[in-house]
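Morning, everyone. Let me put the model on the screen, and then we'll walk through it together.

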Amino acid sequence: MSQHVGYSASPRLRWTEWLPWIAAVAVFFVLPDYLSLGARVLTYILFALSLDLILGYAGIITLGHAAFFGFGAYVTGIMAAKMGITDPIIQLLVSGVAAGLLGLATGAVILRTHGLTQLMLTLAIAAVCVEIANKATDLTGGADGLSGVVIAPILGMFKFDLYGKTAYLWCLALVFAGWWLIRRLIYSPFGASLTGIRENSIRMHAIGAPVYWRLVVVYTISAAIAGVAGALLTQTNQFVGLNVLGFEPSGELLVMLILGGVGRLYGAFVGPLVFLIAQDYLAKQFPEYWYFGIGLMLVLVVLFARGGILGIIDGLVVRFKTRFKARQT
Amino acid sequence: MKITTSACAGLAASALLLALPVAAQTVKIGFISSYSGAAAAQGDQLDKGVKLYMKLNGDKLPPGVKVEVITRDDTGPNPDVAKRVAQELIVRDKVNILTGFVWTPNMAAIVPLTVEAKIPFVSMNAAGAKLVLASPYMTRVSFTICQSAYPLGLWAAKKYKTAYTAVSDFAPGFEAEECFSKGFKEAGGTIVGSVRVPLANPDFVPFMQRIKDAKPETIFGFNPAGKAATAMMKAYSDLDLPKAGIKYIGTGDIVTDEELQGMGDVALGVTTIHHYSASSDRAANKAFVAAYKKEYGENLYPGFMVVAAWDAMDAIFAAIRAQGGKLEADKAMEFFKTYKSTTSPRGTFSIDPETRDVINPEYLREVRRVGGKLANVEIETISTGIKDPLKEFDKKK
Amino acid sequence: MDAFLSSLVSVAFHGVAYGMILYVISVGLSVTMGLMGFTNLAHGVFAMAGGYILVSSLGNAVPFPLALALSFIVVAAGSVVLERLLYSRLYGASELEQVLFTIGLIFMSVAIARLIFGTLQQPVILPEYLKGQFSLFGRDFPAYRVFLILFSSAMIAGLWFGVERTIWGAMVRAAVDNRAMAQSVGINTKRLFSITFAVGSGLAGLGGALGAEIIAVQPTYPFEQLVYFLIVVSVGGLGSLRGPFVAALLIGITDTACKYWVPQFGAFFIYVATIGLLLWRPAGLFGKRA
């Protein structure tokens, strides 16, 4: 997983980086019946981007990232259903800040540890969040979920409609914002130091870089973005259930990101897209084989294709180029 | 007389039109159940009910009318997936009606959809009591927990003076606890203690120990029908609570027909109240069980979820026939509100026009060994039609 | 007071039984993680396999002792195959890759278990001599759990003896302390890994089988129990034998005690306690400082 072609390139936008956005806009016009699936894919792309930031770039392994996602989802849900705050922009901001604070609090504590201990702590924190959500029935609706979530039209004009058109464009706008933010972060000196920490943290200590605080900062940012993604989910569904928390969504997200390719920004685009569409189509036909297939895919990716789908594509491109060059000479 | 080409075309066209058979009308039913994930066993029960109904009664429609069932998977208690899948059924597949759902949160998630798109929804299982009031297009043919728990409380207080409640730690468990306790106390009993058992951990022994030490005369148990039922039964027997004279009672979820055989002799004597038992002698049920066994295997028993799915399909088909082969939303809801079925395997049930919830018969059953197998034998009919008590209590307030 | 003492005894008893099972299952994980440095999250799969083997054997009228032995042997043998074929390729890999790989294994085994056995919990048909109650000092204890405690203690004693007193044990301890040095003194670490992995996984299978009454055998077992095994190992300390033992007993007793006295907090307390313990002692109670 250390082949990171995306990072070492120059920060200027390559033409291929426009493709996802063109495709997304095209989908809006060409596939109007698939917009709710599209909104779901976009939400998970944002979520995956937040995980890639800490996993792919900073090298923090977590099995509980859904804690921030779910926290953001519930904060928006509770604001809308129990406190009457229905403006979507305010909801996103508050969810992001709240999830970020949770990330700061937990990150400051667990980033002092390493290895299994750190992994265990991420699991334990996620498990605690699930327990709290299950018990605080008055706030969260418990196992029945939180309904009565009212989302006001965006900017007073765009209502969340039955066909999912508003939801899709709203998610797209936010994914764009998140992507832009993360891209700036990665190509900055701060981003470079993150890669340094991931590759060789001892040397980073030796050159005097404040490793611990860098990690806490990136963990906080990642948590905030995950919280915004969770809020998006609540807004597009007008409902929050317990399934946004815990090990299952965290694990699933990990699978999506690995499938796409970790540490290369666009893996977070490809992974959720392929995974969610395949799941929508295949899981219904062959539920047990789907589950087996995900497991098999993970094993194969780790053994043979560590860069995920984008890694495979890169490999093919390189091979094509060398063959092309060889033919030219 | 000159025959113009347009005249020829016109003649040909009319000839063709006359030759075409009457255009087939298709009513599309969107059926959502849980096929993957941990809930697959329950989702499978609904699926079996729908498939069995379609096989045996799928053609009982006015001539030229067809019914198409489009099935989707909500993957478990995932309301966001449920909502998206329902949305796609409405927008892409253009279904006339939605049905299914094992899980209450999934039903809750589609409330705004049914209102905005004006699509009726018939719940085959999702049992959250107040939920059916949330949208004028929702109705239910399954059950509510209180329909069984409240009368059980009233009945138990006549036999036992003290009770301890042990329910699973989630919303349906709280409903069961609330309704049983209310009934039990109203009829003069005393609740000596209550405990909520975490859903995740299946080891009930410490809880049973605590209950044993409190020495109640009976335990009221509730858990999600499935593996928790077996685990709780086992703990009850492992700690020798039967010997200590503590009887185990509950709603039908603690001895569901599909799990019952696996529980073994420990389940003998357990008394429950529920709206359906696979071993009932009713003619309609005997025919139903026979058809089920023939289709799916002699060793299998239909649980209450299969019956609910069957009854939902029956109600929908009746609505289609009543509208002459169509299914228009508002007319369908008016039909459902006054719906009554006398041919259901569970007996007679109807829908309450005020709340659109199901009015169920409730039977007192005891686990006995019949013909070498365990069965929930119906020993008494508690009531031929109970409305959901929770909503009735709200009315009185 | 008498009732309180009685409940104390009860909690201690059930807590110890649960803790012992946790230990028997998790000790293999502690050793392999400490020895091979391999983050094997799929350890629960071996326990689940042992449970299924026991249940299937009992269902086919195989005598209980033989069924138990089978669960150890078959799982151990299966783990050797897995180790040689798959695990060994990832010994030098990063932690992330090991985590992902083993999660993939969990997904695959859950699907296979569902396909073969269905989603319902497996009923355990105990032999008659292990059913019922066992009287001790005027109290009744479930006979099976008494058996559990005694049998596990014997297994644990055997394991500790094996690690402390045999050559194999000495090699394991050497390799855990300093693998490079152990290799340079001529210890065949590859074979050592395989044997130790087999023993650890076999024990997990045995623990899963023994504990089938307490920890239900069903397809999502490796997911649901993963947290507990990891807690035992991380709180106890990687590579140590005594640490996880203390941790497992602590967890077993506190979990049972909480369920008994403050059931509304349930599993909550265990997670909070784990977080607290790990922050206080990141290497575990008995682990080596990094």
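We start inside chain B. Five of the five residues of strand 8 (residues 218-222) of chain B are buried, so this strand is largely enclosed by the rest of the structure. Two terms there. Helices (H or I, at least four residues) and strands (E, at least two) are DSSP runs, numbered from the N terminus. A residue is buried if 20 or more other C-beta atoms lie within 10 Å of its own, exposed if 12 or fewer, and partly exposed in between, with C-beta atoms placed from the backbone.

Before going on, the ground rules. Residues are numbered from 1 along each chain as its sequence is written, while chains are lettered from A and ligands numbered from 1 in the order in which they are written. This is a predicted model, where local features need pLDDT of at least 70, side-chain atom pairs count only at pLDDT 80 or more, and totals for chains, interfaces and linings use all residues. pLDDT is the predictor's confidence in each residue, from 0 to 100.

Now its partners. Two strands pair if DSSP finds at least two bridges between them. Strand 8 of chain B pairs in the parallel sense with strand 6 (residues 162-168) of chain B, over five bridges. There, Ala163(B) is opposite Thr218(B). Strand 8 of chain B also pairs in the parallel sense with strand 9 (residues 247-251) of chain B, over four bridges. Here Gly221(B) faces Gly250(B).

Next, a sheet in chain B. This one is open, has five strands in the order 2-1-3-4-5, and pairs in parallel. Strand 2 (65-73) and strand 5 (138-140) of chain B are at the edges with a single partner strand each, so one side of each has no neighbour in the sheet. Within chain B, strand 3 (residues 97-100) and strand 4 (residues 121-123) pair in the parallel sense over three bridges. Thr99(B) is opposite Val122(B) there.

On to chain C. It has 11 helices and two strands. Along the sequence, the pattern is α-α-α-α-β-β-α-α-α-α-α-α-α. Of its 290 residues, 54% count as buried.

How do the chains meet? Two residues are in contact if their C-beta atoms, placed from the backbone, lie within 7 Å. By that rule, 37 residues of chain C are in contact with 30 residues of chain A. Helix 4 of chain C gives the most to the chain C side, with 17 residues. That side has 28 nonpolar, five polar and four charged residues. For the classes, Ala, Val, Leu, Ile, Met, Phe, Trp, Tyr, Cys and Pro count as nonpolar, Asp, Glu, Lys and Arg as charged, and the others, Gly among them, as polar.

Chain C also touches chain B: 26 residues of chain B are in contact with 26 residues of chain C. Helix 8 of chain B supplies the largest share of the chain B side, six residues. By class, that side holds 12 nonpolar, five polar and nine charged residues.

Last, confidence. The model scores ipTM 0.82 and pTM 0.84. Chain C has a mean pLDDT of 84, and 96% of its residues reach 70 or more.
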